[in-house]
Amino acid sequence: MHYWLLVVLLFLSGCATQGKISNIAGLPTYGEKESYGFGRIGNNSTQDDFAVILAFSGGGSRAAAMSYGVLEALRDTDLMIEGRAGRLLDEVDVITSVSGGSFTAAYFGLHGDRVFSDYEKRFLRRDVASELLSRILSPRSWFSEHGRTETAISYYEKVLFDGATFADLNRADGPFIIINASDLGAGIRFAFTQNYFSLLCSDISSYPVARAVTASSAVPVLFNPVVLKNYQDCPPPSPFIQAVADHTGQSHQTRHLLDGLSSYADKKQRPYIHLVDGGITDNLGLLALYETVDAAGGIRELFGEIRGAPVASKLLVISVNASTRPQYELEQSKSPPGVEQFMGAVTDIQLHRYNAATMDLLNTALQDWAQELSDETREVEHYFVELDFNQVTDEEQRFFLNQIPTTFSLTGKQVDGAIEAGRELLLANREYLRFLDDIQ
């Protein structure tokens, strides 16, 4: 958001607020494979021979627009496999998302192709930041006990999600959407799936999608955390809960996650879970994939037994990275930078180093997963498609894209540029073209 908006919201932050609890007690009465959990992976895909996973990064409306452009490219990628015509978009198994990317992922998960007819008007081309600010500054909100975050949730319900819950997301015939936030108390990634809600003795089916997306994009200080109640009296543990309890043998990365999740068992010390922007713990959405596979005991367990079909022989992961490398003016002067400029530069340094480490981790993991899935009858191939603005060949356009701010109010030209970048970068990507050649 713009600096002036930050100042206004910080001024208002002195108002006493408290989090509204919207998750209900008790676990689903139906089985795990029918709930909105990992067992849903692959339910929509007609192809068992390959798995397609998308990761949508944070970055405000810039990330939402770039992700939308990638969906357009997948829609326009026609397939002809064993005499059957189709689109690659219909074969997407999983979308994992954080922050700005969660808006696109959630809307597509709920509505499928409808995203191409009304999502731009309903969200991408709205002045969301200004509309939100006018609601926050409205006299009706001055004496509200819930504050800015509840105002944002109400706004997103009205303009985009129309009261949809995870039961609606579960009924949709699209991919499994993993919306990620950050647990502020434990310092770990929190995924809005039944597997995680089971740790809180709660049923996700009635939980509003707008609340999950707001948590995924709730920048600390600007917005209050979204709060979940950690209920007591859980029934016998599910396999995922057991993995949390027995977290041995996984990587240090996953053990850190599982150690944090195991703290939910202490209901007295952690009766409430405060969730904020998912970009804090995983700005690319890729760690959600890595940690999910590792916690499940390996890729064969996750994409073999869960899919209920032969293990895929080709694994495609597309990382949609909307982070930018803006040009700062601090190097044009010997004077010290201002606070806003200084904090922006420091944040970008940390973000890009963390993103680079995550990319390396996932690249290595993909190689290991392909080797794990391979056997004497066939060799599993993996494809890692990395998309970011620095791959744009036109220097002027690349500079323009990298100057797009992280905000929920973009100009029409900025939205057009981010959408086009997502679309054209994917369609021209060599690794993506290699995958298409191999499957057809």
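A residue is called buried here when its relative accessible area is under 20%, exposed when the area is over 50%, and partly exposed in between (1.4 Å probe, protein chains only). The structure described is a predicted model, in which local features need pLDDT of at least 70 and side-chain atom pairs count only at pLDDT 80 or more, while totals for chains, interfaces and linings use all residues. Residues are numbered from 1 along each chain as its sequence is written, and side-chain values use heavy atoms, with hydrogens and water left out.

Of its 440 residues, 56% count as buried. The accessible surface, computed by the Shrake-Rupley method with a 1.4 Å probe and with only the protein chains shown counting as cover for residues, comes to about 18900 Å², and 52% of that belongs to carbon and sulfur atoms. Contact means heavy atoms within 4.5 Å. Among contacts between residues at least 6 apart in sequence, 82% join residues at least 24 apart.

The buried residues are V115, F116, D118, Y119, R122, F123 and L124. Their packing partners are the helices α2 (60–75), α3 (100–111), α5 (128–136), α6 (147–161) and α17 (412–428).

R122 counts as buried because its relative accessibility is 15%, whereas D162, with a relative accessible area of 47%, is partly exposed.

By this rule the count comes to 19 salt bridges. Another of them joins R434 and D438, at 3.9 Å from N to O. These two residues are four apart in helix α18 (residues 430–439), so about one helical turn separates them. R434 is partly exposed, with a relative accessible area of 30%, and D438 is partly exposed at 37% relative accessibility.

Strand β3 (residues 78–81) has a covered face made of L79 and I81, and an uncovered face made of D78 and M80. It pairs with β4 (residues 84–87) in the antiparallel sense over four bridges, where pairing requires that DSSP finds at least two bridges between two strands. M80 has A85 as its bridge partner in β4. Two residues lie between the strands of this hairpin, and E82 takes a positive phi near 50°. R87 forms a salt bridge with D90, their closest N and O atoms being 2.8 Å apart.

Strand β11 (residues 314–321) includes I318, which counts as buried because its relative accessibility is 0%. Leaving aside neighbours within four places in sequence, I318 is in contact with I53, L54, A55, L74, V385, L387, L426 and Y432. One of these, L387, is 69 residues away in sequence, yet the C-alpha atoms of I318 and L387 are 7.6 Å apart in space.

Aromatic rings of Phe, Tyr and Trp (its six-membered ring) pair when their centres lie within 6.5 Å, and planes under 30 degrees apart count as stacked, over 60 as edge-to-face and the rest as tilted. By this rule the count comes to 21 aromatic pairs. The rings of F190 and Y196 have centres 5.3 Å apart and planes at 75°, so they form an edge-to-face pair. F190 and F197 form a tilted pair, because their ring centres are 6.2 Å apart with planes at 55°. F190 and Y196 are both buried, and F197 counts as buried at 0% relative accessibility. One aromatic cluster is formed by Y36, F166, F176, F190, F192, Y196, F197, Y207 and Y264.

Rings also meet charges. A charge sits over a ring if NZ of Lys or CZ of Arg is within 6 Å of the ring centre and within 35 degrees of the ring normal. The charged end of K229 sits over the ring of Y272, 4.9 Å from its centre, and K413 lies over the face of F400, at 5.0 Å from the ring centre.

Definitions and conventions
A salt bridge is a side-chain nitrogen of Lys or Arg within 4 Å of a carboxyl oxygen of Asp or Glu.
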